[in-house]
Amino acid sequence: MCLRPALLLGALVIAPTIVAAQSARPLPLKRRAQPTTAAITENDLMSRLYVFADDSMMGREAGTPGAMKGTAYIAAELKRIGLTPAGDNGSYFQDVPFIARTLDSTTTIAANGATLVAYRDFVVVPFRGAQPRAIDGTQVIFGGVVGDTAHTLTAEQAEGKFVVMRTPTGALVRIAATSPLAKAAGVALVGAGDLTASALATGRLATMTLPPAPDAPSALISLAMSASAAERLLGAPLQGLAVGATGGTILGNLKFVERGAPTRNVVAILRGSDPVLRNEYLAIGAHSDHVGYRASGPVDHDSLHLFLAQRYLVMENPTAAPLSAEARQAMQARVAAIRVNLDSVRALRPARRDSINNGADDDGSGSMTVLEVAQAFAAGKARPKRSLLFVWHTGEEKGLLGSRYFSDHPTVSRDSIVAQINIDMVGRGGKGDLGAGSDRYLQLVGSRRLSTELGDLVEAVNKTEPMPFTFDDTFDADGHPDNIYCRSDHYNYARYGIPVVFMTTGLHGDYHQVTDEPQYIDYAHMARVGRFVVDLATRVANLDHRPVVDKPKPDPTAACKQ
Ligand SMILES: [Zn+2]
């Protein structure tokens with residue numbers, strides 16, 4: 001699952017001082033792979049996920065060697081299973097031409113006679129997509145404090161300006177398209193003093209992205225800036241400065257260095273049995289990439305895992321609202337509850353320092369489940385009438401870029417894809433992960449947004465399962481603030497009018513953290529998701545007609561709307 005556009009990208013605040021309790025989980029940190037079977041089993045899924053989410057995969061970030069290694073594993077398995085390659089030039093791979101973009105270290109900007117130097121006075125918060133907006137010749141204006149919506153600039157005041165914002169927590173944010181600052185020329189986020197090591201580390205990260213189209217709109221760039229540099233631009237101390245106070249005029253633009261950073265989708269076909277219907281495809285997908293290393297360095301794994309689980313359970317409700325006093329108290333109580341005897345725990349087990357985002361659930365779980373689904377179909381006696389198109393997308397974490405690329409440049413005719421089933425994060429969903437969680441928990445998103453018939457089929461097939469899922473469709477609601485419908489690969493199929501089903505066991509405390517590891521996965525739950533996908537796919541691929549699209553198709557070039 002990819003980040004919400006306006007979510008925190010990095011912060012100076014995650015340094016939990018809480019003490020680890022002994023984990024009750026019995027699963028090991030490492031596990032030797034065993035040969036997989038035709039059936040979808042817990043053992044098979046473990047054998048696959050302990051490889052795919054191992055530290056040696058380096059967090060599988062698209063545009064890095066880790067993603068190449070992860071996709072090599074999938075392709076090797078497809079070959080062994082005997083699926084037909086359906087990428088470029090008879091291979092399993094569709095190359096996706098990413099670029100890596102970083103702020104040029106020779107960049108300087110000036111105002112009020114002061115010259116600011118990249119990586120000393122400021123860094124750029126990684127951004128996606130288009131070329132950066134020009135800042136040369138724009139006026140510096142003070143915009144107040146991040147999060148203080150009562151004292152802020154209007155959209156008219158911010159438009160075309162270089163806005164300086166104080167961010168007391170040090171949080172580095174991208175500005176949302178709906179923010180009054182969205183039409184600013186640039187935004188500088190200013191913490192308490194000098195740039196921190198964490199901000200510098202985040203600023204050094206390359207942005208992995210597709211080359212922007214020549215006519216793509218320019219992007220608003222957020223900079224992290226030292227307090228003294230911001231004060232020189234404004235010509236006044238930040239403390240006590242009124243919102244709307246203006247400073248000098250910016251001279252110079254941000255310069256970027258770009259290099260090729262190849263990455264790839266993995267694509268395979270299982271031919272259908274019907275001589276006519278085999279020319280149509282049911283697509284089944286997941287994303288193979290994850291988010292790489294933790295930019296700000298290693299943390300104590302056990303402490304972080306416990307802290308995050310508690311924090312997520314408390315923060316789950318109400319969604320996205322700041323913590324109330326009661327919620328904060330409840331969180332403190334929970335944190336206190338896990339603060340057990342540091343000395344004795346540490347005597348048993350030393351702290352494990354961890355900096356790799358393994359992405360076991362996100363989306364190692366979906367990727368390995370789709371591989372098990374492919375193996376089950378390949379080994380099955382009765383082939384479905386329609387062909388199955390398996391796609392492991394890259395760059396999902398960079399803004400659904402691999403699925404965007406595949407749906408723009410499909411390796412089979414786009415019109416021949418009758419529906420897409422997407423699974424992303426299907427290995428958790430228990431009581432310890434979210435309040436509504438259980439053995440049967442599964443979130444369902446998008447299944448009726450284009451085709452009522454497909455939505456009905458999902459419900460009907462579920463009723464025939466040995467252990468039916470309890471579907472949670474909360475996150476499918478129009479306008480839901482978590483924006484889940486727009487945050488995984490199915491959307492890029494839906495924007496072309498292809499009916500989709502998205503299934504996930506949901507977000508949790510370890511989401512996008514170094515603690516998303518194979519030992520926390522519920523393999524029985526995940527295996528049931530896999531068997532459900534097989535049953536649903538069989539039903540859809542054997543229909544005597546395509547799932548009927550009875551809802552309006554979106555504009556494929558418009559922004560996604562939850
Ligand atoms: Zn993700």
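**Disulfide, zinc site and a helix pair**

A search of the whole structure, which is a predicted model, finds one disulfide.

Trainee: Which cysteines form the disulfide, and what makes the pair count as one?

Mentor: The partners are Cys 486 and Cys 560, whose sulfur atoms lie 2.1 Å apart; the cut-off is 2.5 Å, so the pair counts as a disulfide. Cys 486 sits in the loop between strand 23 (470-472) and helix 12 (490-494), while Cys 560 belongs to the segment after helix 13, so that the link joins distant parts of the chain, 74 residues apart.

Trainee: What is the handedness of the link between Cys 486 and Cys 560?

Mentor: The link is left-handed, with -80° about the S-S bond.

Trainee: Why is Cys 486 called buried, and why does Cys 560 count as partly exposed?

Mentor: Cys 486 has a relative accessible area of 12%, and because buried means under 20%, Cys 486 falls in that class. Cys 560 has 25% relative accessibility, which lies between the limits of 20% and 50%, and therefore counts as partly exposed.

Trainee: How do you know that Cys 2 is in no disulfide?

Mentor: The nearest cysteine sulfur, that of Cys 486, is 9.2 Å away, whereas a disulfide needs sulfur atoms within 2.5 Å, and therefore Cys 2 is in no disulfide. Cys 2 is also buried, with a relative accessible area of 4%.

Trainee: Which protein atoms are called donors of the zinc ion, and why?

Mentor: They are Met 1 (O), Asp 362 (OD), Glu 397 (OE), Glu 397 (OE) and His 512 (NE2), lying 1.8 to 2.5 Å from the ion; donors are N, O and S atoms within 2.8 Å of the metal, so these atoms qualify. Asp 362 lies in helix 9 (residues 360-379) and His 512 in the loop between strand 24 (500-504) and helix 13 (523-541), so the pair ties together parts that are 150 residues apart in sequence. Both Asp 362 and His 512 are buried.

Trainee: Why are helix 1 and helix 13 called roughly perpendicular?

Mentor: Helix 1 (residues 42-52) packs against helix 13 at an angle of about 105°, with the axes 9 Å apart; angles from 65 to 115 degrees count as roughly perpendicular, and therefore the term applies to this pair. The contact is made by Glu 42, Leu 45, Met 46, Leu 49 and Tyr 50 of helix 1 together with Tyr 523, Ala 524, Met 526 and Ala 527 of helix 13. By class, this contact has eight nonpolar residues, no polar ones and one charged residue.

Notes. Residues are numbered from 1 along each chain as its sequence is written. This is a predicted model: local features need pLDDT of at least 70, side-chain atom pairs count only at pLDDT 80 or more; totals for chains, interfaces and linings use all residues. Side-chain values use heavy atoms; hydrogens and water are left out. Donors are N, O and S atoms within 2.8 Å of the metal (3.2 Å for Na, K and Ca); water is not among the atoms, so sites may look incomplete. Helices (H or I, at least four residues) and strands (E, at least two) are DSSP runs, numbered from the N terminus. Buried means under 20% relative accessible area, exposed over 50%, partly exposed in between (1.4 Å probe, protein chains only). Axes are lines fitted to C-alpha atoms, for helices over the stretch in contact, and angles run from 0 to 180 degrees between N-to-C directions. Angles under 35 degrees count as roughly parallel, over 145 as roughly antiparallel, 65 to 115 as roughly perpendicular and the rest as oblique. Contact means heavy atoms within 4.5 Å. Ala, Val, Leu, Ile, Met, Phe, Trp, Tyr, Cys and Pro count as nonpolar, Asp, Glu, Lys and Arg as charged, and the others, Gly among them, as polar.
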